[in-house]
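Welcome, and thanks for taking a look at this one. Please keep the viewer open while you read the notes below.

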Amino acid sequence: MEYYVIYFFLTLALSTLFSMGGVGSAIGLVPIFSMMGMPLNLAKAIGLFINSASTITASIMNFFRGVLDVGFAIPLIVSIMIATPVGAWMSQYVQKEIVEWVLVAFLVVSALLLIFSNREQKVVYDKAWILYVIGGTVGLISGTIGVGGGSLIMPLLILLGFDAKKAAYAISFVIPFSTLGAFATYLSFVHMDWILLGVVTVAAIIGGYLGDRIMHYRLTPSQVKKLIAVVLLLLAAKMIYKLIGV
């Protein structure tokens, strides 16, 4: 029982935090679950499902609030739905450490650009093909390492000139399309703990609701950018700590 309580509150805390930035919590939960002794592939499968639960909750709220631009998200959805299951299947054969180091570099550069860039938030690079490329590339990477991909897509969209909140709303809508496909792929070669999956899913739904309300009513786009940058740096530090084994 204590085992499930610990996972519940850990998932609730991180899902609330990451939902405030419009991204899924799997990128934080997967390495933590793994360090707590959970088999890595099981942690990745659960993390992907958690991302779906928390972001579906946020997307439903955003849809009825009228702030979700579905048309903007369509290219990302199409490309990521195709690429993410492919990445999940590739994870059986690709050296995960290599992908994780690439992800660390990407997270650090993106976070620093978000912190120090003074660009105005206006749409400059709004061609659909760019969104298809971003969705396909991120889908392959996120499927391979078992995360939703929101923390990768978010800085890219902001650097292209999109409003941080618009990007966050769109990403919350896109993530379930990527994570559910990758989750189904992992189920083909992972033994699932269904009770644990149910416990953390409830925590993720509550966290998604809390985080979305905080972001919508309490934070400005500038604050969201800074929050995301801090989260990305914390994630990068966490991954480096794990990779170098100190």
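How many aromatic pairs does the structure hold? The structure holds nine of them. Bear in mind that this is a predicted model, with a mean pLDDT of 78 for the protein chain.

**Confidence**
- Of the residues in the protein chain, 85% reach a pLDDT of 70 or more.
- Where pLDDT is low, the predicted coordinates should not be read in detail.

**Aromatic pairs**
- Tyr7 and Phe33 make an edge-to-face pair, with 5.0 Å from centre to centre and 70 degrees between the planes.
- This pair links distant parts of the chain, since Tyr7 sits in helix α1 (residues 2-20) and Phe33 in helix α2 (residues 26-35), 26 residues apart.
- Both Tyr7 and Phe33 are buried.
- Why is the pair of Tyr186 and Phe189 tilted? The ring centres of Tyr186 and Phe189 are 5.3 Å apart and their planes meet at 50 degrees, so the pair falls in the tilted class.
- Tyr186 counts as buried because its relative accessibility is 0%, whereas Phe189 is partly exposed, with a relative accessible area of 27%.
- Tyr3, Tyr4, Tyr7 and Phe33 come together in one aromatic cluster.

**Nonpolar cores**
- The largest nonpolar core has 37 residues, and the members that touch the most others are Phe33, Met38, Ile46, Ile50, Leu107 and Met192.
- At least two residues of this core come from each of α1, α2, α3 (40-65), α5 (96-116), α8 (164-187), α9 (194-218) and α10 (221-244).
- Beyond its neighbours within four places in sequence, Ile46 is in contact with Phe33, Met38, Met192, Leu196, Leu197 and Val200.

**Helix α2 and what follows**
- Why is α2 described as largely enclosed by the rest of the structure? Seven of its ten residues are buried, so α2 is largely enclosed.
- The buried residues in α2 are Ala26, Ile27, Gly28, Leu29, Val30, Pro31 and Phe33.
- After α2 comes Gly37, which has a positive phi near 105 degrees.

**Ser15**
- Which helix holds Ser15? Ser15 is found in helix α1.
- Ser15 counts as buried because its relative accessibility is 1%.
- The side chain of Ser15 reaches the backbone oxygen of Thr11 at 2.8 Å.
- Leaving aside neighbours within four places in sequence, Ser15 is in contact with Ser25, Ile50, Ala203, Ala204, Gly207 and Gly208.

**Annotated regions**
- An unreviewed UniProt entry gives the annotation "transmembrane region" to residues 6-33, 45-64, 70-91, 98-117, 129-160, 167-188, 194-215 and 227-244.
- Over residues 70-91, the model's chain is 95% helix and 0% strand, and the end C-alpha atoms lie 30 Å apart.
- Over residues 167-188, the chain is 95% helix and 0% strand, with the end C-alpha atoms 32 Å apart.

Technical notes
Residues numbered from 1 in each chain as written. Predicted model: local features only at pLDDT ≥ 70, side-chain atom pairs only at ≥ 80, totals over all residues. Heavy atoms only, no water. Phe/Tyr/Trp six-rings, centres within 6.5 Å; stacked < 30°, edge-to-face > 60°. Helix = DSSP H or I, 4+ residues; strand = E, 2+ residues; numbered from the N terminus. Buried < 20%, exposed > 50% of the residue type's maximum accessible area, 1.4 Å probe, protein only. Core = buried A, V, L, I, M, F, W, Y, C linked by side-chain atoms within 4.5 Å. Contact = heavy atoms within 4.5 Å. pLDDT = per-residue confidence, 0-100. UniProt positions renumbered as here; feature names shortened; annotations may be inferred. Polar contact = N/O pair within 3.5 Å; in protein donor to acceptor, adjacent residues only side chain to side chain.
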